[in-house]
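Please examine the sequence and the structure shown below before reading further. The paragraphs that follow lead through selected residues and their surroundings.

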Amino acid sequence: MSSPEVDFPSFFSAHYRSIPPLTWVPIPQDIAQLAARGLTPEYLLSWGPLHHLPGAEIPLIFAIVGGENLHVDPTNYLNLPQRPDLYEAGLDFSDLDKNALVARWVYDNPGVDTDDDGYFGEFRVCVRDSVLVGDQWVAQKADTQWYKGDGIPDFRGALPPPAPFVWVTPVHNGLHVRFNGQVSETEKDIFLQKPDFEGYRVYIGRDERVASLSVAASYDIEDYDKYRYNLSLEEPDWQLTDEPFSKDELRCLYGLTPDPCNDTAFDPLRHTQMSPYRHPMYPNDSLFWFKPHDYNASTYGISTPITKTYPDMPDPR
């Protein structure tokens with residue numbers, strides 16, 4: 001039980017395989033045939049050896065990871081139990097891989113120095129823009145992408161951006177709420193490794209109970225969700241696979257003029273689930289529709305009662 005062993009998948013039970021230096025005792029054929037077809041989904045998690053005094057506690061940490069669309073070929077089961085390699089090749093593990101990575105990051109947040117010893121984990125530098133100087137490319141813009149934590153558990157999932165600094169001043173028949181959201185709008189999400197700001201909500205209530213609070217004002221940046229029709233699924237369906245897009249991003253991607261980024265007539269909301277956008281170069285397998293990501297109440301003083309003190313100032317970054 002103290003061996004760092006990871007057994008082969010159950011669908012290999014009828015043709016068990018040994019991976020040096022580990023070997024396994026052959027499984028009785030009657031059980032192996034059932035296990036190879038997934039009819040006996042049994043597993044064992046083991047730790048040890050463990051030495052502790054009576055009454056002591058030892059935390060044992062593991063993740064149960066699920067995922068969607070593992071099976072993409074409805075005839076793949078015909079490869080069992082005789083051809084497990086072909087069966088494995090016919091599975092799509094991408095969603096399981098993604099969810100396992102998120103579980104690892106929740107356990108140990110990448111780029112976070114939990115114990116304040118100066119080590120934040122491991123990272124890659126991703127170059128976004130470079131120029132040729134002589135015979136060498138020199139990076140002009142680069143991002144630091146943290147992919148591993150410092151080895152100290154955090155047990156912290158995705159969180160909203162930090163709240164803005166707020167000043168509340170009483171006025172005649174009301175309150176004047178002023179806030180500065182510099183940190184809220186620029187703080188990087190621990191998983192996305194970039195700012196994930198979406199908007200503000202201003203609530204008012206007689207006390208702090210959720211049931212007592214009502215939304216007095218809201219601001220939401222203008223962005224859109226893109227749904228793509230996925231024909232590769234066993235039951236083709238619309239899927240949300242990307243982060244929200246700004247209107248300018250969608251215009252540059254799907255505008256219909258020779259200069260798509262300046263196609264002022266492009267409106268993502270014209271393309272609904274009943275009347276989707278059909279890509280002119282791939283009309284049979286590239287169908288999209290768009291909807292607002294939240295309310296898109298982003299015009300200061302018009303679609304939102306929130307105003308900006310200096311609306312025309314450039315981004316200080």
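Asn173 is exposed because its relative accessible area is 74%; in this text, buried means under 20% relative accessible area, exposed means over 50%, and partly exposed lies in between (1.4 Å probe, protein chains only). The structure is a predicted model, in which local features need pLDDT of at least 70 and side-chain atom pairs count only at pLDDT 80 or more, while totals for chains, interfaces and linings use all residues. Residues are numbered from 1 along each chain as its sequence is written, and side-chain values use heavy atoms, with hydrogens and water left out.

Asn173 lies in the loop between strand 3 and strand 4 (174-180). Helices (H or I, at least four residues) and strands (E, at least two) are DSSP runs, numbered from the N terminus. The backbone of Asn173 has a positive phi, near 60 degrees, although the residue is not a glycine. Asp116, also a residue other than glycine, has a positive phi of about 55 degrees. Asp116 is placed in the loop between helix 3 and strand 1 (122-133) and is exposed, given its relative accessible area of 67%. Most residues other than glycine have a negative phi, and most peptide bonds are trans. The peptide bond from Leu80 to Pro81, however, is cis, with omega near 5 degrees. Pro81 belongs to the loop between helix 1 and helix 2.

The next topic is charge. Side chains of opposite charge can pair when their charged atoms come close. A salt bridge is defined as a side-chain nitrogen of Lys or Arg within 4 Å of a carboxyl oxygen of Asp or Glu, and by this rule the count comes to seven. One of them joins Lys148 and Glu122, whose closest N and O atoms are 3.8 Å apart. This pair links distant parts of the chain, since Lys148 is in strand 2 and Glu122 is in strand 1, 26 residues apart. Lys148 is partly exposed at 32% relative accessible area, and Glu122 is partly exposed at 30%.

Another salt bridge is formed by Asp242 and Lys226, again with 3.8 Å between the closest N and O atoms. Here too the pair links distant parts of the chain: Asp242 is in the loop between strand 8 and strand 9 (245-246), and Lys226 is in strand 7, 16 residues apart. Lys226 counts as buried because its relative accessible area is 9%, whereas Asp242 is partly exposed at 36%.

Asp150 is located in the loop between strand 2 (136-148) and strand 3 (165-171). A polar atom of its side chain lies 3.1 Å from the backbone nitrogen of Ile152.

Finally, the surface carries a nonpolar patch of about 860 Å², whose members include Tyr43, Trp47 and Leu60. Patches are made of residues with over 30% relative accessible area and no salt bridge, with like charges joined within 9 Å and nonpolar side chains (Val, Leu, Ile, Met, Phe, Trp, Tyr) within 5 Å. Accessible areas come from the Shrake-Rupley method with a 1.4 Å probe, and for residues only the protein chains shown count as cover. Leu60 is found in the loop between helix 1 (29-36) and helix 2 (84-89), and is partly exposed at 40% relative accessible area.

Conventions: A polar contact is a pair of N or O atoms within 3.5 Å; within protein, one must be able to donate a hydrogen and the other to accept it, and residues adjacent in sequence count only if both atoms are side-chain atoms.
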